[in-house]
Amino acid sequence: MALATALPAMAQDAPGPNLIEELVVTAQKKEEALQDVPIAVSAFDQNALEKSKIDGGPNLVLAVPNVNFGKSNFIGYNFQIRGIGSKLVAASGDAGTGIHLNNAPLIANNLFETEFYDMERVEVLRGPQGTLYGRNATGGVVNLITAKPTDQFEGMVRAEYGNYDSKKLRGMVNVPLGEMFAVRLAGNYLKRDGFGENLVTGHDVDARDLWSGRATVSFSPADRFRLWALLDHFEEHDSRSRTGKQFCTKDVGPETIGGLGYSSVPPIAQIQRGFFSQGCLPTSAYSPSALGTYNSQASISGIFAAYLGLQTGDGFAGKTQAPGIRDIETPFDPVYKSKTDTYELNAEFDVTDQLKLTALSAYTVYKLSNRQDFTRYTTTAPYNATPNPVNLFAGVPGYASIYAQLFPGGVINDPQLGPYNSQAVIDQSNASSDQWSHEVRLQSNFDGPLNFNVGGLYLKFKNRNEYIVTFNSATAFSQMLNLFNTGNPNCFGPAPCIAVDPNRDPTGQGHNYLYVAQPVSLTSYAAFGELYWQATETLKWTVGLRYSVDDKSLLNHPLALVQRGIGLSGPLPGQDAILKAKFKKPTGRVGFDWKPDLGFTRETLIYAFYSRGYKAGGLNPPFSPGLGVQAYPATFAPELIDSYEIGTKNTLLDGSLQVNLTAFHYDYKDYQIAKIQSRVALNENIGAKVDGVEFESIWQPLQGLRLNAAVGYLDTKIGDAASVDVADRTQGRSDLTVAKNSLGSNCVISTADARAALAASNAASNPFLISGIPGTPLGVCGVVSEAGAGTNINGSGAIAAGSNSFGGLLSEGVPVQLKGKALPNAPHWTVSLGAQYTWSLGDWETTLRGDYYHQSKTYARIYNSVADRIKAWDNLNVTLTVVNDEMGLELGAFVKNATNEKVIADMFTHDESAGLFRNAFYTDPRTYGVSLTKRW
């Protein structure tokens, strides 16, 4: 604004020669010029998307202030606006940024995978949408508006070729069918080689092979009635990696426990030390040791192998990962499948010249499946051909012979994984859902001062998420127990059998693998409306109100790993078969927008609003005894956000300059955050304050020259809260020690108690000291008595859940005080700068464009530890297009990530029973190519 007021001849009635064209949006569910909308919204038409190489959802981060995008470890992603997104892991959870297709909400969607093609525009609304888009949009909304049929014949085909043997084909044809009908068909196809290589198989990984198509039919039998029917299909089947490199600084375990050494018998000492290892240490992802491997002794897979004598020590001892950040080492290539069909029916009826009735129905069927190696690197130590003499069954007569018959040469015949004589682990994420949504709105356009937009929404969503980890040591352990209990190692039936699934693809009926099934049902409905009062010619007040109801249910299936029986486990005694929760909240907004005549601007809009945002709560997975030290809450609370925002949009210099500025303050209650512990996702709630400023500008100072900037500043602070960091449970206290239970979960005990347990183990020459099968290594992480519950162990803040079999107190760990820490994935600064110049040579018009983006450092988790830090990063895209409108030809060339930055967008800390490694998610490497487009 200071720059604008310093320039002469600011305001004139007639438009200048470099007038910026108006972009019409539907951010308030009615058509308005972008500069007239009193909301912080960024919008891009298809031309702008292509020139800036915004190919899909993840690329929007490069052009919108205060936006961050990261993949999640399972099937979802986190599109975060102003620090608010989706950092929870729950089948019954909701995203904080609403994704809409032509104004219809899509809970399950392909924003991460799909590409933008034949779009009318993409809108990103920043801030909580309390009324019109009010369902769970605490962060904001991404609204994808597809191109509609027109009354003229037109067509387009575009072919693109790039590095990694990338082949992309895109096309569209629009055909009017008389005066009432028109049809528009569009499609996109992409196939390319992988960004990385599987060094074991020699195959590409992280390749793409996807296509999508869309058919839209319009029907206008009368001037007052318009109808659009849409079918959108997306399909992908390739070797896309769900996660990137795995970070781990190996934790070999402490040298002594309180000064006491391990057993004088080396094989016993080795197992004992593994029970005090976390697997990985919480070091920086950028440290030289970060591409190490986890200590398999600290994992559930390694513990089962130790029980049987399959493994002696760490199966990855001495192993360092391949240095290429996109390369993996595994006998299994990743498999990624996704398929989505969306049907929409949108009808508009002009009841009168001043009243319009809109009805929008949408139905979506969504499926996704991904299968990949758990670690993405190979072992250094095969399984033992003869059992390690220190094993759980050493007292069984003839065990060595039994072992040799069941595991000849150390080979485990796993029905899902095949025969392997070393650790083999695969994890798989599956999701299938269907969704109905119906919305009806009535909006007015009266000549008088009062207008309204009222409506209702009904949504029904059913989803089944599956997370499966198949590992051959669990199958081997089940086979051995089955042999002892039934005589058939591969029995597949009810107790006393531990069902070993005979099928190559896990059915969920077996108990020889980790199977998490969370069938969820959601019924949501809301009534909403906004009233607009044009108090004066330049001043308008808006009052909005919404009442939302979210009814959720989750089938109760506790984990059944190596438990007797077959199929999904039923609820435990005292638990319900169906877990239910219902959330009801009123939301809305109130504020004004004012268009004063300032003299030095061509047009100015000033707006200020208070908004209340809401995101429904959800259900935590059912608690099972032995999973953790303490039971966790059955539900997590809904999020509530009070937002105060003031902004201004200005058009200056005869329409050649747009300058927009927004400032906001959020008071956030019960922000939903997740951590994985004891093989389940525990969702917690914390409070936070968010303050920020956003600047967006477009300037066309010369004929053909266009400059743009989008700058966001964000300051987030967590409120008075505490949480145990599963990667650092003792917070560095030497008087506390981390130990493991029989399924690899961690607990915290006093070092004195750990020393006493180790002394008993040394005296008995037994590293297991368990009762029952499976039991608790060393007996220290099992609650056998409530004695001492609530005690603050050594004044550390670690609150005891009870006592173990040695009479020692055990706890989840020392809580981290979170007050003042930043929200995850909330960078202080995001900067987008763009410049393009267009010149003509005869009938050919050439445009050269460059886009630069910078994001300051962030943290992957709420603890803001060294292990959570994500470095600042930059991106540079360059495009060149040459167009001949008369011939309908366009030639193009591009380079994305021109400087080939190796960018970590986010990280995910896995469960302690997996060794507490972190999975990284990288942005794409440098890509470049050329394209040819023909239009009719």
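Trainee: How many salt bridges does the structure hold?
Mentor: This is a predicted model, and the count refers to side-chain nitrogens of Lys or Arg within 4 Å of a carboxyl oxygen of Asp or Glu. On that criterion, the number of salt bridges in the structure is 50.

Trainee: Which residue meets the side chain of Asp906 in a salt bridge, and how many residues apart are the two?
Mentor: The side chain of Asp906 pairs with that of Lys87, at 3.2 Å from N to O. The pair links distant parts of the chain, with Asp906 in strand S48 (residues 904-909) and Lys87 in the loop between S5 and strand S6 (97-101). The partner is therefore a residue within the 4 Å limit for a salt bridge, namely Lys87, and the separation is 819 residues.

Trainee: Is Lys87 buried or exposed?
Mentor: The term buried applies under 20% relative accessible area. Lys87 has a relative accessibility of 14%, so this residue falls under that limit. The class of Lys87 is buried.

Trainee: Which strands hold Asp350 and Arg226, whose side chains meet in a salt bridge?
Mentor: The N to O distance in this salt bridge is 3.1 Å, and both Asp350 and Arg226 are buried. The two residues are 124 apart in the chain. Asp350 belongs to strand S20 (residues 335-350) and Arg226 to strand S16 (residues 225-238).

Trainee: Which residue provides the backbone oxygen that lies 2.7 Å from a polar atom of the side chain of Gln80?
Mentor: Gln80 is found in strand S5 (residues 77-81) and is buried, with a relative accessible area of 1%. Leaving aside neighbours within four places in sequence, its contacts include Lys87, Tyr671, Asn825 and Ala826. The backbone oxygen in question belongs to Pro824.

Trainee: Which strands pair with S12 in the antiparallel sense?
Mentor: Strand S11 (residues 166-177) pairs with S12 over eleven bridges, and Leu177 stands opposite Phe181. These two strands form a hairpin with three residues between them, and Gly178 in the turn has a positive phi of about 75°. Twelve bridges join S12 to another antiparallel partner, strand S15 (residues 208-222), where Asp209 stands opposite Lys191. The partners are S11 and S15.

Trainee: Which residue in S50 is the bridge partner of Glu890?
Mentor: Strand S46 (residues 873-884) and strand S47 (residues 889-896) pair in the antiparallel sense over seven bridges, forming a hairpin with four residues between them. Eight bridges join S47 to strand S50 (residues 927-935), and these two strands also run antiparallel. In S50, the partner of Glu890 is Thr933.

Trainee: What is the accessible area of the nonpolar surface patch that includes Tyr189?
Mentor: Tyr189 lies in strand S12 (residues 181-192) and is partly exposed, with a relative accessible area of 32%. Because patch residues need over 30% relative accessible area, this value meets that cut-off. Together with Phe153, Val157, Leu169, Trp211 and Trp936, Tyr189 forms a patch whose accessible area is about 630 Å².

Definitions and conventions: Residues are numbered from 1 along each chain as its sequence is written. This is a predicted model: local features need pLDDT of at least 70, side-chain atom pairs count only at pLDDT 80 or more; totals for chains, interfaces and linings use all residues. Side-chain values use heavy atoms; hydrogens and water are left out. Patches are made of residues with over 30% relative accessible area and no salt bridge: like charges are joined within 9 Å, nonpolar side chains (Val, Leu, Ile, Met, Phe, Trp, Tyr) within 5 Å. Accessible areas come from the Shrake-Rupley method with a 1.4 Å probe; for residues, only the protein chains shown count as cover. Buried means under 20% relative accessible area, exposed over 50%, partly exposed in between (1.4 Å probe, protein chains only). A polar contact is a pair of N or O atoms within 3.5 Å; within protein, one must be able to donate a hydrogen and the other to accept it, and residues adjacent in sequence count only if both atoms are side-chain atoms. Contact means heavy atoms within 4.5 Å. Two strands pair if DSSP finds at least two bridges between them.
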